[in-house]
Amino acid sequence: MRAMERIGILIGVFAFAVAALYGAWTGSNEVGFEWVGVIGLILGGLLGFMIAWYLWMTRRRLERDPSDDPLGDIDEIQGDYGFFSPHSWWPLFLGAAAAICFLGLAVGWWLFIIGAFFAVPALVGWTFEYWKGEHAL
Amino acid sequence: MVWLASELMFFAALFAFYFTIRGHEADLWAERTEMLNVPFALANTIVLVVSSVWCQLGVLQAEKGIVSRPAGSSLTRVAAWGMREWYVLTYFFGAVFIAGQVYEYAHLVEEGVTLASDPYGSVFYLATGFHGLHVTGGLVAFLLIIGRTFTTRRYTHAQATGAVVTSYYWHFVDVVWIALFIMIYVLQ
């Protein structure tokens with residue numbers, strides 16, 4: 001996890017440095033200061049720092065990450081990685097409902113409302129699939 | 001987290017959009033920013049920031065595995081609140097924020113600023129509107145998280161993880177609003 005953290009920091013530092021340079025260069029010519037690139041670069045830097053910060057927080061919580069140990073073995077990292085749904089039909093329904101909603105934005109609000117009637121049960125169904133009934137966790 | 005980072009770049013586009021158009025339309029900006037109700041927006045911002053605090057208090061309870069106040073405990077005993085009570089409170093604060101934004105939009109539309117009226121209207125509604133949609137999405141997520149707490153007898157680790165992830169999203173949306181507030185209402 002340390003290596004991933006450093007990659008995030010590297011992205012952040014690089015983007016901030018380039019933002020400063022870019023701002024100085026565009027600010028000194030006659031066309032004037034260029035906002036799009038400067039803001040994009042600054043927030044791009046925050047993107048790197050945000051991921052690094054999250055990884056750092058996670059690392060502090062975990063006892064030890066075998067990927068940080070140069071003498072670690074592959075099998076040390078075994079264990080539960082999370083819950084993975086074996087199969088679910090809900091994403092298909094939700095995707096179809098979302099497609100109707102977005103079509104509604106182009107065609108008219110009436111279609112969007114019809115789509116919402118399908119989207120809400122699909123979203124609720126998906127969220128609660130593993131919390132109720134025979135598959136409950 | 002990676003998805004939140006990509007969301008950051010989405011809002012970066014909106015920020016850049018605002019400043020670019022602002023640079024080209026200085027006169028229009030001077031005229032339109034007069035119409036903004038800054039004290040009202042500030043109050044609304046405080047509501048959203050405070051909602052983040054309630055959300056974090058809910059997370060602390062979720063991490064301890066306390067889903068709700070013990071049976072028989074009065075709702076007024078805030079110290080005994082679990083994650084559910086704090087999240088309901090967060091939901092109310094978020095809903096007030098959205099209501100405030102709708103009120104603000106209604107006033108601006110009355111004064112003739114709409115999405116299609118001029119460049120200022122376009123950037124104002126796109127930037128604040130996309131943020132508003134994110135807050136609304138967060139509210140839906142809160143409802144689902146709160147609803148889920150009623151389905152299990154025991155508060156599981158998976159439940160707590162869902163609550164924590166939702167809080168990350170909520171804090172992110174809150175921070176984006178602070179930046180938007182500074183851009184639109186303070187810097188104008």
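Domain bounds here come from an automatic or database domain assignment. On that basis, chain A splits into domain 1 (2-68) and domain 2 (90-127), and the C-alpha centres of these two domains of chain A sit 37 Å apart.

A word on the model: it is predicted, so local features need pLDDT of at least 70 and side-chain atom pairs count only at pLDDT 80 or more, while totals for chains, interfaces and linings use all residues. Residues are numbered from 1 along each chain as its sequence is written, chains are lettered from A in the order in which they are written, and side-chain values use heavy atoms, leaving out hydrogens and water.

Now look at where two chains meet. Helix α4 (residues 109-128) of chain A packs with helix α5 (residues 119-149) of chain B at an angle of about 45 degrees, their axes 11 Å apart. Helices are DSSP runs (H or I, at least four residues), numbered from the N terminus, and axes are lines fitted to C-alpha atoms over the stretch in contact, with angles running from 0 to 180 degrees between N-to-C directions. Angles under 35 degrees count as roughly parallel, over 145 as roughly antiparallel and 65 to 115 as roughly perpendicular, with the rest oblique; α4(A) and α5(B) are therefore oblique to each other. On the α4(A) side, the contact (heavy atoms within 4.5 Å) uses L123(A), V124(A), T127(A) and F128(A), and these meet V140(B), L144(B), G147(B) and R148(B) of α5(B).

Back in chain A, E5(A) and R59(A) form a salt bridge, with their closest N and O atoms 2.7 Å apart. The term calls for a side-chain nitrogen of Lys or Arg within 4 Å of a carboxyl oxygen of Asp or Glu. E5(A) belongs to helix α1 (residues 2-28) of chain A and R59(A) to helix α2 (residues 35-61) of chain A, so the pair ties together parts 54 residues apart in sequence.

Note on methods:
Helix = DSSP H or I, 4+ residues; strand = E, 2+ residues; numbered from the N terminus.
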